[in-house]
Amino acid sequence: MFNFFLLILIYTGIYALMALGQNVITGYGGMLSLTQAGFFAIGSYATAILATRLGWSFWATLPVAAILSAFFGLLIGLPTLRLKGDYLAIATLGFGEIVRNVLNNWDSLTNGPMGIQKIPMITVFGFVVNPYTKYAFLAMLFIAVFIAYLLFQRLARSRMGRALTAVREDEIAAQSMGINITKYKVYAFILGASVAGVAGSFQAAFTLSVSPGTYTFMVSVMVLCMVVLGGMGNFKASILGAFIIQLISYLPQLTGLTAIIPPQFKQILFGLILVIMMIWRPQGLLGRERIKYSKGGTR
Amino acid sequence: MGIAEFFQHLMNGLTLGGIYALIALGYTMVYGILKFINFAHGDVLMAGAFIGLFVFDWLRGSAPLGAWTIIAFFLAMVVSMAVSALLGMFIERVAYKPLRTATRLAPLLSAIGVSFILSNGAAWAFGTRSRKFNYPFDNTPITIAQVVITPHQILILAVSLVMMIALKLFVDRTRMGKAMRATSLDQPTAMLMGVNVNKVISMTFAIGSALAAVGGILIALDFKVYASMGTMTGLKAFVAAVVGGIGNISGAMFGGILLGVLETFGVAIFGIPTGLKDTIAFGVLILILLIRPEGLLGKVEKEKV
Amino acid sequence: MKKSLFVLLAVLVVFAFPAVAQGGKESASPKIGFIGPMTGDNANYGVLSNNSAMLAVEQFNARGGIDGKIPVVLVTEDSEGVAEKGLSAIEKLSSSDKIVGLVGPVFTGVSFAVGERVQNEGIVMLSPSATHADITNIGDYVFRTVVSDGLQGEVAGTYFANVLGYKTIGVLYAKNDYSQGLYEGMSASFVANGGTITIAESFNVGDKDFKTQLTKIRSANPQAIYIPNYTAEMAQILEQASQLGMRIPFLSCDGFSNPDIYNLAGDFTDGVIYVGPAKVKESPSFAKFVADYTSKYGVGPDSFATNAFDGTNILLAAMDKVYKATGKFDRKAVRDEVAATKDYAGVSGTINFAENGDLIAYQGLYKVNKITPEYLGTFTVVDGQLVQID
């Protein structure tokens, strides 16, 4: 059971990375994107393909995954960010589906529905990070989440964070204040995408195999829920949200009650939580983080 | 490619499009009035199909095809429409009404939640197996100059056309329709003008869900009944609604047919691998959104400061 | 705000409590696990096989259980057909339930991820339906009670070319691991035997409209169409082909052995020839299994469910032997006992495992007459040559 808890923490870490990215896009940028699964998949496949075909080490594939995801973020972001609200949600949802559809059909590159197996384990200075024993992997993931958190936290207090907040609150007013809204939106999108790509790399290194079935629309929805459940515009809350959603997802297994609880239960519970949460606490558990600008040191 | 094959592909595309159009009408109706994507629409459709199946099988017993099976089918459809309408109103009351003044994200997520509850609830209650919905009429294909079409396909096209016209007349000509348009335009003002907004919205969901039930049953004849039947079909229909111009009733019809034909022709004539059919649909969606975000037949809305 | 967090924590503690309480006492019953998709698009296949595992365990316990006194507990975990969930399932089974052996996973993709894990952990795994040729190459703890794509495809390809005498075949397959694996296996040996695949069309899992693909195949005019898919899709294909007025013979795979196909597709199944599990001659045990299964669950078992039943029983028998000899359930000893299985008389036939954990089996060929499959014979392929066993 303790081992299982460690596993939940690992999944929390992977999803927390995606949730941090989603928070930049949705929480700060106010853009309703439903495409983290697509970037997640791109990151996973980048690592899987480079590591198995070209024998690259995980650490070499990681930046490629991040840059490739960022590139696709730019590609999809530039044109679609002109769209508003629901339309953006649909366009990004469509992009996520296209990614999965292409991965499933581009057999020569991705091995199609068979997926890619035997991805080598991560090594750090000759020490193998065995995902089965979990501790080392968890520690590494923890560091990655922490770094991402610090970077994003800093970003939120920067000029860009303030610009995004302004854009989210009132686009037209922000524009008339001379803020280049498209630029900042695209930045946010690229950042969010690249961190999801990194999450994908870790996912591939943890499961040691990838197949297109993992990267469904459900993943994007779950990530969005994590951000909303925790509290939009609050990076700590995104991590908390990731933990809670993962905990709920694996609750029947964690408590050992899978024999009693019907398998559909967790999805039904998940649905109920969404509805109840939206009605009673739409601002999320922790709510939006108030940033004080009076302190010195941050520009 | 022979001329017969071309027309066969065209026919396949049209009837697939008819299915998309059938579902898209319900989506667009709700969006048109409330500016809200009802993600649970596809799952209401699934519920409608299950209800229709149970009622039809119960009424039919072991009767052979004939007048009685057609009557039983219509009765099953009416019952299913009524129950689905109630279900739609119930969902609106519980999951969407409290969120009317919230941000746009809130009802969207709430709808996704409802969708999970419905599809997984159905899987739990009715199992995961596909169930056959028997044709209530003789579905022997008809061949016209080497192009084959089934009575069922004609029915789907006919029903979506009739539904589109009826819906259009309802919204344009009736008192309730007028109230709906007023609500769509400006809720607070409509309320001040004496429109019972709650009733209008309830009614919108009732009609949308009844339409979904009709779609569900007609689709089930061809595609069977199963718990996850609403998900992908619903998504595609939604794409169709957006392509045609969401909120626009004739747009939904047009978008559905266009999407069906494009998917079919993309694969059959332009040689895109069949596995990439979904990519065509979503690619068209993104393209349309970029060129004309309001959809092909949609109206441009000016943003006010 | 703080309050809601506390409430949440309280709820979690309450939920976790029975688990802790449960974990506290050491239960005497040994556990075995089952992993398959119980929810999601392919849930039906997981449910059917899980039914078999439950039935096998129930009957085993009714006979007295291990050594006539210890009942076995089956723990089922949902994989949703996704590798990540499959991993969490095996994690839970191995660390919380301390299972002795595993039946499943049902799908190839999940089996790759879970297989690596059980190999690392030293838990014997018997998949009833992961057909991909490479699955058993993961290691010596991985077994399957299903024939690999390799053999089924080989028998199919050679039979279609040499016995049925087809020169051209069209294929309509799904973009999933099972269907594509069979298509690739069949086409390789069909081509090697002088045939040509005139056209191969695919579709995505969840698609229900195949008229476009069928129209294209019709224009390519092959002598027959091979449709290696799952039951619901095959029913759909057959019905739509008939709606398009196609009068081409259809060829299929072991997915066709699910009797549900006759409910879904009705008369359209007439004339289909399919490769399925070899039939045991006059097997009363198979008839009994089908009767027990159908009366308990209301639907008939497909061939994967039959395999799951055998797999579960082989595992139980191995555990029984190990316990009788040593008085405990050592995972390694159970694995060795499974590997040593010799001429096990299962409901799907006589079962032996090859060195790598593959099922040594023959393939049966069936031809459907209206809605009744008729047995054509038992075949295997030796050095590229089709050999009829009986």
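Two strands pair if DSSP finds at least two bridges between them. With that in hand, here are some close-up views of this predicted model.

**View 1. Strand 1 of chain C pairs with strand 2 of chain C in the parallel sense.** Six bridges link these two strands. To find your bearings, look for Gly33(C), whose bridge partner in strand 2 of chain C is Val75(C).

View 2. A handy landmark is Phe34(C), which has Val103(C) as its bridge partner in strand 3 of chain C. How much of strand 1 of chain C is buried? Five of the six residues in this strand, which spans 31–36, are buried, leaving the strand mostly covered.

**View 3. Domain 1 of chain C meets domain 2 of chain C.** Domain 1 is built from 27–147 + 284–360, and domain 2 from 150–280 + 363–388. Their C-alpha centres lie 28 Å apart. Where the two touch, domain 1 of chain C provides 17 residues and domain 2 of chain C provides 20. On the domain 1 side, helix 4 (108–121) and helix 11 (303–326) of chain C are the elements that give two or more residues. By class, that side of domain 1 holds six nonpolar, nine polar and two charged residues.

**View 4. Chain C touches chain A.** In this contact, 38 residues of chain C face 36 residues of chain A. Several elements of chain C give two or more residues to its side, among them strand 2 (73–78), helix 3 (83–96) and helix 6 (177–192). Which element of chain C gives the largest share? Helix 1 of chain C does, with nine residues. The chain C side divides into 14 nonpolar, 15 polar and nine charged residues.

**View 5. Chain B contains eleven helices and two strands.** Of the 305 residues in chain B, 57% count as buried.

Note on methods:
Residues numbered from 1 in each chain as written. Chains lettered and ligands numbered in written order. Predicted model: local features only at pLDDT ≥ 70, side-chain atom pairs only at ≥ 80, totals over all residues. Domains from an automatic or database assignment. Contact = placed C-beta atoms within 7 Å. Helix = DSSP H or I, 4+ residues; strand = E, 2+ residues; numbered from the N terminus. Nonpolar A, V, L, I, M, F, W, Y, C, P; charged D, E, K, R; others polar. Buried ≥ 20, exposed ≤ 12 C-beta atoms within 10 Å, placed from the backbone.
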